[in-house]
Amino acid sequence: MTLRVAFLGYRFMGTAHANALARLPMFFPDAPDTHRQVLIGRDESALAEAADRLGFAETATSWREIVDDVDVFYNLAPNYLHADPAVAALENDVHVLSEKPLAHTLSDAERMAAAAADTDATAAVAFNYRFLPAVARAKTLVESGELGEIRAFRGQYLQDWLTDPTAPWSWRTDADLAGSGALGDLGAHTLDLARFLVADVARVSGHTRTFVDERPDPESDETRAVTVDDAFTAQLAFENGAMGTVEASRVAPGRKNDHRIELDGTDGALRWSLERPNELLVRRSGARGFERELVTEADDPYVDRWWPPGHVLGWEHAIVHENYEFLRAAATDESHDPDFQAGLAVQRLLDAILRADAEGRWVEC
Ligand code: SOE
């Protein structure tokens with residue numbers, strides 16, 4: 001059976017997911033067949049060019065007439081457009097992959113998770129970093145008990161594209177459209193890894209800052225208010241007693257996409273950075289320091305699909321892995337991890353961190 005696919009959105013993540021669908025037949029021949037049927041967007045000329053480049057048969061300017069006419073709906077649109085199309089698709093038992101964060105508000109995320117609970121269709125949220133070899137290896141090390149009991153998680157996600165105050169306003173800088181800034185755009189990834197690798201979070205503290213409070217409007221000579229955080233820090237108290245510190249910034253000079261995590265256990269520790277994506281620094285019990293492991297080894301769940309051990313993989317390969325797992329689940333009406341419940345759990349943390357910041361106190365999750 002060939003899965004008929006629609007994408008809502010065709011820019012950065014549209015290209016990333018279309019690339020994944022194009023790679024699957026060659027590297028994952030056991031993946032379900034897909035047909036890139038319709039690309040949905042507002043700007044008809046940009047849409048036509050993108051459909052041609054990304055390999056879609058048709059285009060549409062409204063998701064409403066499409067959503068019940070395909071098998072799989074990818075919502076790659078800005079955060080404020082995540083809920084209605086996903087709920088409509090799920091109500092028609094159409095499988096959905098939604099980009100992160102799940103939504104721009106907690107209430108929309110709750111609506112999406114409720115719709116997912118009411119259908120056998122697969123509902124996935126695109127926390128792509130879980131599907132990198134280094135993160136899969138970190139998960140294996142934690143679950144093996146080799147690090148002992150986890151006591152601390154540290155996560156940073158740093159970019160610098162908004163450091164310049166003349167960098168233009170966009171939907172990502174508007175709370176009504178994005179929900180939050182670095183917190184939801186970048187922090188959502190790190191908070192998902194915290195839950196994936198350590199445990200659920202019991203309570204959080206939070207601190208956010210908007211350093212540049214207005215930016216040039218690309219569609220006028222005016223400026224528009226920035227109503228989201230440029231950067232945030234948060235403390236996490238995990239339900240298993242571990243401690244967490246997480247931060248993200250989009251005004252960190254020289255950091256282009258520097259996502260990094262550390263775990264401290266009773267018997268060992270590990271460190272990882274997206275700037276060295278195929279390496280994991282592991283400190284084992286009794287060792288004097290950290291050993292550098294190359295993770296594209298035979299025990300990686302996907303490396304044998306690509307190249308011999310040691311031929312390193314990149315950011316785009318994680319999205320191919322993510323699509324492989326999602327489409328396999330969709331083809332058999334199975335659940336996918338991370339699902340909309342995982343997306344809602346992260347949305348609750350985003351909301352709690354914003355409340356903790358506003359109220360100057362720890363907030364229970
Ligand atoms: C922009 O900050 C962005 O594209 C995020 O939205 C993605 O989730 C991240 O993986 C790369 O940076």
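A salt bridge here is a side-chain nitrogen of Lys or Arg within 4 Å of a carboxyl oxygen of Asp or Glu. By that rule, the side chains of Arg-154 and Asp-264 meet in a salt bridge, at 2.3 Å from N to O. Arg-154 belongs to strand 7 (residues 150–158) and Asp-264 to strand 13 (residues 258–265), so this pair ties together parts that are 110 residues apart in sequence.

This is a predicted model, in which local features need pLDDT of at least 70 and side-chain atom pairs count only at pLDDT 80 or more, while totals for chains, interfaces and linings use all residues. Residues are numbered from 1 along each chain as its sequence is written, and side-chain values use heavy atoms, leaving out hydrogens and water.

**Overall build**

- The protein has 10 helices and 17 strands, counted as DSSP runs (H or I, at least four residues, for helices; E, at least two, for strands) and numbered from the N terminus.
- With a radius of gyration of 20 Å, close to the 21 Å that the globule rule gives for 365 residues, the protein is as compact as a globular protein of that length. The radius is taken over C-alpha atoms, and the rule is 2.2 Å times the number of residues to the power 0.38.
- Of the 365 residues, 55% count as buried. Buried means under 20% relative accessible area, exposed over 50%, and partly exposed in between, using a 1.4 Å probe and protein chains only.

**Charges**

- The protein carries 35 positive and 62 negative side chains, where Lys and Arg count as positive, Asp and Glu as negative, and His and the chain ends are not counted.
- A search of the whole structure finds 30 salt bridges.
- One network of salt bridges links Arg-137, Glu-146, Arg-284, Glu-291, Glu-293 and Asp-299.

**Pairs to look for**

- In the pair described above, Arg-154 is partly exposed at 32% relative accessibility, and Asp-264 is partly exposed at 25%.
- Asp-30 and Arg-305 form a salt bridge of 2.9 Å, N to O. Asp-30 sits in the loop between helix 1 (12–27) and strand 2 (33–40), and Arg-305 in helix 8 (residues 303–306), 275 residues apart.
- Arg-292 forms a salt bridge with Glu-279, their closest N and O atoms being 3.2 Å apart. Arg-292 is exposed, at 53% relative accessible area, whereas Glu-279 is buried, at 15%.

Notes: Charge placed at Lys NZ, Arg CZ, Asp CG, Glu CD.
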